[in-house]
Amino acid sequence: MATAAPAKKPYRKAPPQHRELRYEPPTLTEDQDEVAVAPEPCQEAWTDSEQVQLLQHQNEELRQKLAYTVSKVESLERELDSGRHFLEMELSRNREELEKFKDKFRRLQNSYTASQRTNQDLEEKLHTTK
């Protein structure tokens, strides 16, 4: 009775729009003292005003991303605080319930011990009357 292993599906590459882009940092060669940074395409042809506009646009985008991130972090902090408050209340309730169960257990244990003593006394009386 040999069982055949299921056939494996062939590996398929993800389409280009779903592939992870990898940034490769510039490297030093033996005869270089500093890292050479390749200019962006067409960057050399841009005027100063175009570069300023581009930087202003990037700055605005970064401000918007920062504002979004700050609001998201604040939202997560509020959620964390409310979750913490809920868990503290639940912990308090559970502690109270635990104390009630401990009290019930002590009462049951004392009742059981008293019943055992009473039974033992009755057994002794029964044996002495025989």
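This is a predicted model: local features need pLDDT of at least 70, side-chain atom pairs count only at pLDDT 80 or more; totals for chains, interfaces and linings use all residues.
Next I looked up the contact itself. Aspartate 81 and arginine 84 form a salt bridge, and their closest N and O atoms are 3.3 Å apart. The cut-off is 4 Å from a Lys or Arg side-chain nitrogen to an Asp or Glu carboxyl oxygen, so 3.3 Å qualifies.

Aspartate 81 has 44% relative accessibility and counts as partly exposed. Arginine 84 is at 42% and is partly exposed too. The class runs between 20% and 50%, which is why I file aspartate 81 there.

**Second pair**

Which residue does glutamate 99 bridge to? I found lysine 102, with the closest N and O atoms 3.9 Å apart. The limit is 4 Å, so I count this contact as a salt bridge. Glutamate 99 and lysine 102 both belong to helix H1, three residues apart, about one turn of the helix. Glutamate 99 has a relative accessible area of 44%, which makes it partly exposed. Lysine 102 comes in at 38% and is partly exposed.

**Third pair**

I moved on to arginine 107 and aspartate 103. Their side chains meet in a salt bridge, 2.7 Å from N to O. What spacing do arginine 107 and aspartate 103 have in helix H1? They are four residues apart, so they are separated by about one helical turn. Arginine 107 shows a relative accessible area of 48% and is partly exposed. Aspartate 103 stands at 34%, also partly exposed.

I keep one general point beside these entries: side chains of opposite charge can pair when their charged atoms come close.

**Whole chain**

How many salt bridges does the rule give? I get three. I then looked up the secondary structure: one helix and zero strands. For burial, I read 0% of the 130 residues as buried. The accessible surface of the protein comes to about 13600 Å². Carbon and sulfur atoms hold 55% of that surface.

Conventions
Residues are numbered from 1 along each chain as its sequence is written. Side-chain values use heavy atoms; hydrogens and water are left out. Helices (H or I, at least four residues) and strands (E, at least two) are DSSP runs, numbered from the N terminus. Buried means under 20% relative accessible area, exposed over 50%, partly exposed in between (1.4 Å probe, protein chains only). Accessible areas come from the Shrake-Rupley method with a 1.4 Å probe; for residues, only the protein chains shown count as cover.
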